[in-house]
Amino acid sequence: MYAVELTYMNHGEVGGAYAEPGFNAKIDLEAETFALQVSAQTSVAPQVSVYGKAGLALTKASVSYQENDIFFGSFGETDDNDTTGLILSIGAQYAVMPNLMANLQVDFLPDAIEYKDANFESDITTISAGLKYQF
């Protein structure tokens with residue numbers, strides 16, 4: 001079976017802070033992805049099937065940085081970045097009932113977040129489990 005899928009992933013937010021007498025800094029990163037993928041699925045047992053997907057992904061990331069120094073004052077910056085790249089997914093599903101499937105999927109987005117000015121790039125890998133009901 002073949003399909004075309006439109007996907008939205010909210011990767012959440014991650015942050016960090018550093019403090020010492022007279023200085024503190026905080027950084028936050030949040031990201032989300034929109035993807036268009038082509039998938040192929042095949043049965044490997046009566047109730048089990050495996051699938052693979054490949055496509056293009058647009059990852060929108062936002063980094064906020066805030067610094068406070070007793071000598072140099074406060075400084076803050078927010079930088080938004082959009083990166084278009086590849087998305088690859090593999091998964092398996094088990095038919096619990098004729099119309100209800102449980103699935104497990106791994107998604108990989110290489111170089112999904114890139115900030116060339118800061119010489120920073122990051123892959124994103126997600127693992128998800130879910131239930132799917134087919135009409």
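Student: Buried means under 20% relative accessible area, exposed over 50% and partly exposed in between, with a 1.4 Å probe and protein chains only. Which class does Tyr18 fall into?

Tutor: Tyr18 is partly exposed, because its relative accessible area is 46%. This is a predicted model, in which local features need pLDDT of at least 70 and side-chain atom pairs count only at pLDDT 80 or more, while totals for chains, interfaces and linings use all residues. Residues are numbered from 1 along each chain as its sequence is written, and side-chain values use heavy atoms, with hydrogens and water left out.

Student: Understood. How many aromatic pairs are there?

Tutor: The count is 4 aromatic pairs. Rings of Phe, Tyr and Trp (its six-membered ring) pair if their centres lie within 6.5 Å; planes under 30 degrees apart are stacked, over 60 edge-to-face, and the rest tilted. One of the pairs joins Tyr18 and Phe23, at 6.2 Å centre to centre with 55° between the planes, and is tilted.

Student: And Phe23, buried or exposed?

Tutor: Phe23 is buried, since its relative accessible area is 19%.

Student: On to charges. How many salt bridges does the whole structure have?

Tutor: The search finds 3. A salt bridge here is a side-chain nitrogen of Lys or Arg within 4 Å of a carboxyl oxygen of Asp or Glu.

Student: Which residue does Glu5 pair with?

Tutor: Glu5 pairs with Lys53, and their closest N and O atoms are 2.7 Å apart. Glu5 belongs to strand 1 (residues 2-20) and Lys53 to strand 3 (residues 48-69), so this pair links distant parts of the chain, 48 residues apart. Strands (E, at least two residues) and helices (H or I, at least four) are DSSP runs numbered from the N terminus.

Student: Why does Lys53 count as buried?

Tutor: Lys53 counts as buried because its relative accessibility is 9%.

Student: What does Lys60 do?

Tutor: Lys60 forms a salt bridge with Asp82, the closest N and O atoms being 3.3 Å apart. Lys60 is in strand 3 and Asp82 in strand 4, so the pair ties together parts 22 residues apart in sequence. Lys60 is partly exposed at 32%, and Asp82 is partly exposed at 48%.

Student: Where is Asn81, and what does its side chain reach?

Tutor: Asn81 is in strand 4 (residues 73-97). Its side chain reaches the backbone oxygen of Glu114 at 2.7 Å. With neighbours within four places in sequence set aside, Asn81 contacts Thr59, Lys60, Ala61, Glu114 and Tyr115, where contact means heavy atoms within 4.5 Å. Asn81 counts as buried because its relative accessibility is 18%.

Student: Changing topic: which residues form the nonpolar patch on the surface?

Tutor: The patch consists of Val4, Leu6, Leu36 and Val38, with about 450 Å² of accessible area together. Strand 1 and strand 2 (23-45) are the elements that give two or more residues to this patch. Patches are made of residues with over 30% relative accessible area and no salt bridge, like charges being joined within 9 Å and nonpolar side chains (Val, Leu, Ile, Met, Phe, Trp, Tyr) within 5 Å. Areas come from the Shrake-Rupley method with a 1.4 Å probe, and for residues only the protein chains shown count as cover.

Student: Is Leu6 buried or exposed?

Tutor: Leu6, in strand 1, counts as exposed because its relative accessibility is 74%.

Student: Finally, what is the phi of Asp111?

Tutor: Asp111 has a positive phi of about 50°, although it is not a glycine. Asp111 lies in strand 5 (residues 100-115) and is partly exposed at 32%.

Definitions and conventions. Polar contact = N/O pair within 3.5 Å; in protein donor to acceptor, adjacent residues only side chain to side chain.
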